[in-house]
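Here is a friendly briefing to read alongside the model. Please keep the sequence and the structure open as you go.

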Amino acid sequence: MTERSPYRALIVDYGGVLTTSIGASFAAFCVETGVDPERFTSIVAEAYGRDGSDGMIARVERGMLAPRDFERWLAGALSAGSPKPVKPAGLRRRIFAGVRRDPAMIAAVEKLHSAWTKTAVISNTWGPPVAYGAKRLRAIFDAIVRSDEVGLRKPDAEIYLLTAEKLQARPAECVFVDDLLQNVEGARAVGMHAFVHRNATFTVPKLEELFGISLPA
């Protein structure tokens with residue numbers, strides 16, 4: 001007799017887990033605009049602040065800074081030392097233009113959801129994203145938690161606990177998947193089983209093992 005899984009909820013990040021690499025999209029943006037990749041990385045790192053909680057990115061992710069104001073700031077920072085100015089209009093959209101959904105990861109979540117596993121997304125967002133409006137995506141999640149809407153961001157403990165509450169699950173009953181180690185550690189700190197996503201080939205078998213269900217390859 002197969003032992004029943006202790007997990008009844010799956011919580012995932014969006015960008016970099018349900019999609020292709022965020023880093024690859026950043027790199028494509030740098031090629032398109034002529035922004036030096038090392039400078040882009042440095043500016044983004046500085047924008048997170050000293051400990052990732054007090055910079056411009058942390059502020060926009062918590063909904064404390066309007067997306068347009070963030071785009072103006074980021075465009076100015078990227079333009080300094082670049083061969084041509086970076087226009088602020090639509091900057092977030094252009095930076096993430098190379099991101100595509102990962103069909104294998106979407107299919108795995110869809111199968112788990114259809115098997116009565118509670119499912120949710122926690123996403124640190126730079127303002128309102130377009131992707132979550134898709135009917136198929138909303139149909140396979142019981143909760144979509146956006147940092148800018150709830151005023152919290154990963155790895156704040158409260159955002160994981162809020163999501164578990166929305167799913168009516170205890171943290172110990174939740175599996176959390178993210179492509180960033182600090183966010184995985186935040187989930188572990190509140191009692192969730194969490195691991196770092198590499199790609200669907202790595203993650204899908206782990207989900208099969210944890211939930212005891214066969215998932216699409």
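The notes below go from the whole chain to single residues.

This is a predicted model, in which local features need pLDDT of at least 70 and side-chain atom pairs count only at pLDDT 80 or more, while totals for chains, interfaces and linings use all residues. Residues are numbered from 1 along each chain as its sequence is written, and side-chain values use heavy atoms, with hydrogens and water left out. The chain has 11 helices and five strands; helices (H or I, at least four residues) and strands (E, at least two) are DSSP runs, numbered from the N terminus.

**Overall shape and surface**

- The radius of gyration of the chain is 18 Å, which agrees with the value near 17 Å that a compact globule of 217 residues would have. This radius is taken over C-alpha atoms, and the globule rule is 2.2 Å times the number of residues to the power 0.38.
- Along the principal axes, the C-alpha atoms fill a box of roughly 65 × 30 × 30 Å.
- Of the 217 residues, 48% count as buried. Buried means under 20% relative accessible area, exposed means over 50%, and partly exposed lies in between (1.4 Å probe, protein chains only).
- The chain has an accessible surface of about 11100 Å², and 54% of this belongs to carbon and sulfur atoms. Such areas come from the Shrake-Rupley method with a 1.4 Å probe; for residues, only the protein chains shown count as cover.
- Among contacts between residues at least 6 apart in sequence, 63% join residues at least 24 apart. Contact here means heavy atoms within 4.5 Å.
- The chain carries 28 positive and 25 negative charges, and their mean positions are 6 Å apart. Lys and Arg count as positive and Asp and Glu as negative, with His and the chain ends not counted; each charge is placed at NZ of Lys, CZ of Arg, CG of Asp or CD of Glu.

- Asn-124 sits in the loop between β2 (118-123) and α7 (135-139). With a relative accessible area of 17%, Asn-124 is buried.
- A polar atom of the Asn-124 side chain lies 2.9 Å from the backbone nitrogen of Lys-154. A polar contact is a pair of N or O atoms within 3.5 Å; within protein, one must be able to donate a hydrogen and the other to accept it, and residues adjacent in sequence count only if both atoms are side-chain atoms.
- Leaving aside residues up to four places away in sequence, Asn-124 touches Glu-61, Ser-147, Arg-153 and Lys-154.
- Lys-154 is also joined to Pro-155 by a cis peptide bond, with omega about 10°. Pro-155 belongs to the loop between α8 (147-150) and α9 (157-166).

**Glu-71 in helix α4**

- Glu-71 is part of helix α4 (residues 67-79) and counts as buried at 9% relative accessibility.
- From the side chain of Glu-71, a polar atom lies 2.9 Å from the backbone nitrogen of Arg-92.
- Glu-71 touches Pro-88, Gly-90, Leu-91 and Arg-92, again not counting residues up to four places away in sequence.

**Positive phi outside glycine**

- Trp-116, in the loop between α6 (103-114) and β2, has a positive phi of about 75° although it is not a glycine. At 80% relative accessibility, Trp-116 counts as exposed.
- Gln-168, in the loop between α9 and β4 (174-178), has a positive phi of about 55° and is not a glycine either. Gln-168 counts as exposed at 65% relative accessibility.

**Ser-21 and its loop**

- Ser-21 is found in the loop between β1 and α1 (22-33) and is partly exposed, with a relative accessible area of 42%.
- The backbone nitrogen of Gly-23 is 3.2 Å from a polar atom of the Ser-21 side chain.
- Ser-21 and Pro-155 are 134 residues apart in sequence, and their C-alpha atoms are 20 Å apart in space.

- Glu-3, in the segment before β1 (9-12), is exposed at 75% relative accessibility. From Glu-3 to Pro-128, 125 residues apart along the chain, the C-alpha separation is 41 Å.
- Arg-62, in the loop between α3 (56-61) and α4, counts as buried at 17% relative accessibility. The C-alpha atoms of Arg-62 and Ala-80, 18 residues apart along the chain, are separated by 26 Å.
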